[in-house]
Amino acid sequence: MENSTQQNKKYYNEITIAKGIGILLVVLGHALKQTGVSNVPGNAVISIIYSFHMPLFFVLSGFVSVKILQYSKMTEYINYIKSRAARLLIPYFVMGILYMPLKYFMNRFAINPYDFSQSWKLILGDNPNTTMWFLYTLFWVSVIALILLRRSVLLPMLIASAILSCTAFIFNWSFRIPKYLFFFILGIYIRDHYDKFTEIRKNKLIFILVAIAFIICNIVNYQMGRGEFITSVSGTILCMWFSLWLVEKNVRSYGVLKSLGDASMDIYILSDPVQTVSRLALWNILHMPNILVIILCFVSGTGISFIAAKYILRRFKVFRILLFGEC
C-alpha cells in the first residue's frame, strides 16, 4: 500500500471518470423527475439511479480528503474548514438566494411549489434549489470527519458510521448527515487501502456477489422501498471499479467522462435551474412529448451547464467565487 504522502501526490483518473458518470446520472435523474414520469420503465430507471448516485459522490469526496488523517495542528483544522466553507457553503447560499425569484415566477408550474414563509430555513439546509442539499450536507460531514477521524480509529469509525447510516436508511430519517457520513468515511478508507480495493476487483466471485447484491436489492428497493443502504454501497463500488476498468482499457469515452468529471461540481450547481427553465419552455409552454422533454432537459442540463461554466462564468472572478466557491 502506498503511504499517504505518495497518495496525496498521485492523480487518480478513475476517480474523475467516476465523477463524470455520477454527474450524468444526477442530470438524467433530475430530467426524469422534472417531467413527473409515472410509467414503470421510467420509475425503474429513477429508482436505480437514486439507489446509489449521491452516496457515490460522498465516497468520491472522501477519497480525495484522505489528507485529514494527517492533520494534527489547529491551523490545519481551521484552514480545512475555511476551504470547505468557501467551496461548499458560498455556492449553497448564493444559489439558494438566486433561486427564490425563479421559484416565485414558476410556482404555478412547479411539481412541489416553494413556501416562501419558510425561506429562513435556508440556514438549516432547506434550500429552494433542492439539489443544493448535497453541498450543505457535505460541508458538515467533512467537518465531523475532520474532528472524529484518526488513522488509528478509522476502521471502528467506519463500522460505527455504517451502523448509523443503515439505521437512517431503514427508518428514512430526514436528517441527512447520519446517512452520508459513512460514505465519506468509506471514501477515505478506500483511498487509504486503495491497493487492496483494486485487487479485490480482480476476484471474480467477489465482483459477481457485489453485482448480484446491487441487482437484487434494487428490485427489493423498487418493490418495497428497502435495501437502499446495500444498493448505495454496491452501486458505488461497481461504478468505481467500472471507472478503473475504463482507465486500464483506455476506452474512447474516457476523455469525455474525464472532462465531465472535472466539471462535475459546476454542472451540479448549474444544471437544476437550466433544466427547470427547459422543462417550463418545452413541456408547460410548447407541450412537447414527454420523452423528448426528458432528452432535451438531460442534454441542456449537461451541455449548457458545462459550456456556460467553462467558457463564460469562469472567465469572471466574481462568478468563480460566488457560484463555484473558488476564493
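This is a predicted model: local features need pLDDT of at least 70, side-chain atom pairs count only at pLDDT 80 or more; totals for chains, interfaces and linings use all residues.

**Helix α6**

I started with the buried residues of α6, which are W133, F134, L135, Y136, T137, L138, F139, V141, S142, V143, A145 and L146.

**T137**

Is T137 buried or exposed? T137 counts as buried, because its relative accessibility is 4% and the cut-off is under 20%. A polar atom of its side chain lies 2.9 Å from the backbone oxygen of W133. I then asked which residues T137 is in contact with, leaving aside neighbours within four places in sequence. The answer is F58, R176, I177 and Y180.

**Salt bridges**

Next I went after charged pairs. Side chains of opposite charge can pair when their charged atoms come close. How many salt bridges does the count come to? I get 6 salt bridges.

The closest N and O atoms of R151 and D192 are 3.0 Å apart, and the two form a salt bridge. R151 sits in the loop between α6 (133–148) and α7 (154–170), while D192 is in helix α8 (residues 177–192), so this pair ties together parts that are 41 residues apart in sequence. R151 is partly exposed at a relative accessible area of 35%, whereas D192 is buried at 5%.

Then I looked at E199 and K202. They form a salt bridge with closest N and O atoms 3.3 Å apart. E199 counts as partly exposed, with 47% relative accessibility. K202 is exposed, with a relative accessible area of 55%.

**R201 and E248**

This pair got its own entry. The side chains of E248 and R201 meet in a salt bridge, 2.6 Å from N to O. What does this bridge tie together? E248 lies in helix α11 (residues 228–249) and R201 in helix α9 (residues 194–201), so the pair links parts that are 47 residues apart in sequence. E248 is partly exposed at 45% relative accessibility. R201 is buried, since its relative accessible area is 14% and the limit for buried is under 20%.

Not counting residues up to four places away in sequence, R201 touches F207, W241, L244, W245 and E248.

**A nonpolar patch**

F207 turned up again when I searched the surface. Which residues make up the nonpolar surface patch? L205, F207, I208, L209, I212, I216, V220 and M224 make it, and the patch comes to about 740 Å². I took I212 as an example and found it in helix α10 (residues 204–224). I212 counts as partly exposed, at 39% relative accessibility.

**Positive phi values**

Most residues other than glycine have a negative phi. I wrote down two residues that go the other way.

N172 has a phi near 55°, a positive value in a residue other than glycine. Where is N172? N172 is in the loop between α7 and α8. N172 is exposed, with a relative accessible area of 58%.

N250 has a positive phi too, near 50°, and is likewise a residue other than glycine. I found N250 in the loop between α11 and α12 (254–262). Is N250 buried or exposed? N250 counts as exposed because its relative accessibility is 59% and the cut-off is over 50%.

Technical notes: Residues are numbered from 1 along each chain as its sequence is written. Side-chain values use heavy atoms; hydrogens and water are left out. A salt bridge is a side-chain nitrogen of Lys or Arg within 4 Å of a carboxyl oxygen of Asp or Glu. Helices (H or I, at least four residues) and strands (E, at least two) are DSSP runs, numbered from the N terminus. Buried means under 20% relative accessible area, exposed over 50%, partly exposed in between (1.4 Å probe, protein chains only). Contact means heavy atoms within 4.5 Å. Patches are made of residues with over 30% relative accessible area and no salt bridge: like charges are joined within 9 Å, nonpolar side chains (Val, Leu, Ile, Met, Phe, Trp, Tyr) within 5 Å. Accessible areas come from the Shrake-Rupley method with a 1.4 Å probe; for residues, only the protein chains shown count as cover. A polar contact is a pair of N or O atoms within 3.5 Å; within protein, one must be able to donate a hydrogen and the other to accept it, and residues adjacent in sequence count only if both atoms are side-chain atoms.
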